[in-house]
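Please keep the model in view while reading.

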Amino acid sequence: MESNNTVIKGRLFFFSWRFFGSLILPFLLVHPKFRKRLFSTPKPPPGKIWIHGASLGEHQAIAGLETIMGQDNWRTYSSFRTPIPRAWPAPMDLPYFFRKWLKESRPAMLILMESEWWPGWLHHVHKQGIPIVCCNAKAGKTHDRYKSFGLWKWA
């Protein structure tokens, strides 16, 4: 059972995430690449496994996973500079945008490569009851911080 302190920290964290996301939204709408990501992020076929890695190096590790899992999944990346072959741009982790994208995409599972832990993604994916798996990650400061906020539970 989570302590009251963890619950309070988690709620404050998400309030801050929503607040600052709302503050920066007008600036993101002016930038063409951000605006395109907000309104034109592809919606993959529902029911598949969603694998997210930020960069080309993480997607090389994903290729190794696909030899075991098969290629019946969809991959996303978060880099604005380097498009990744066979991957789509990831949805922005901003209030009001990700929830809608998730409801339309409905993945069967989310696999995060390394330390690609997006707070809004974790919150909404968990809330939808979608399993989350983290591959090739090291427990460190980020892990401890997320754990203290009640955002990540290790099995």
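A salt bridge here is a side-chain nitrogen of Lys or Arg within 4 Å of a carboxyl oxygen of Asp or Glu. The model is predicted, so local features need pLDDT of at least 70 and side-chain atom pairs count only at pLDDT 80 or more, while totals for chains, interfaces and linings use all residues. Residues are numbered from 1 along each chain as its sequence is written, and side-chain values use heavy atoms, with hydrogens and water left out.

Q: Is Glu66 buried or exposed?
A: The side chain of Glu66 meets that of Arg86 in a salt bridge at 3.0 Å, N to O. Glu66 lies in helix H3 (residues 56-69) and Arg86 in the loop between strand S2 (73-77) and strand S3 (88-89), so the pair ties together parts that are 20 residues apart in sequence. Buried means under 20% relative accessible area, exposed over 50% and partly exposed in between, with a 1.4 Å probe and protein chains only. Arg86 is partly exposed at 47%, whereas Glu66, at 6%, counts as buried.

Q: How much accessible area does the nonpolar patch that includes Phe19 have together?
A: Patches of this kind join nonpolar side chains (Val, Leu, Ile, Met, Phe, Trp, Tyr) within 5 Å, from residues with over 30% relative accessible area and no salt bridge. Phe19, in helix H1 (residues 4-30), has a relative accessible area of 43%. Areas come from the Shrake-Rupley method with a 1.4 Å probe, only the protein chains shown counting as cover for residues. With Phe15, Phe20, Leu23, Ile24 and Phe27, Phe19 forms a patch of about 670 Å².

Q: Which helix gives the most to the lining of the second largest pocket?
A: A pocket is an open set of points on a 1 Å grid over the protein atoms alone, where a 1.4 Å probe fits, with protein on both sides within 12 Å along at least five of seven lines; lining residues have an atom within 4 Å of a point. The second largest pocket is lined by 13 residues, and Lys36, Arg37, Tyr77, Phe80 and Pro89 lie nearest its centre. With 4 lining residues, the helix that gives the most is H2 (residues 32-40).

Methods:
Helices (H or I, at least four residues) and strands (E, at least two) are DSSP runs, numbered from the N terminus. Patches are made of residues with over 30% relative accessible area and no salt bridge: like charges are joined within 9 Å, nonpolar side chains (Val, Leu, Ile, Met, Phe, Trp, Tyr) within 5 Å.
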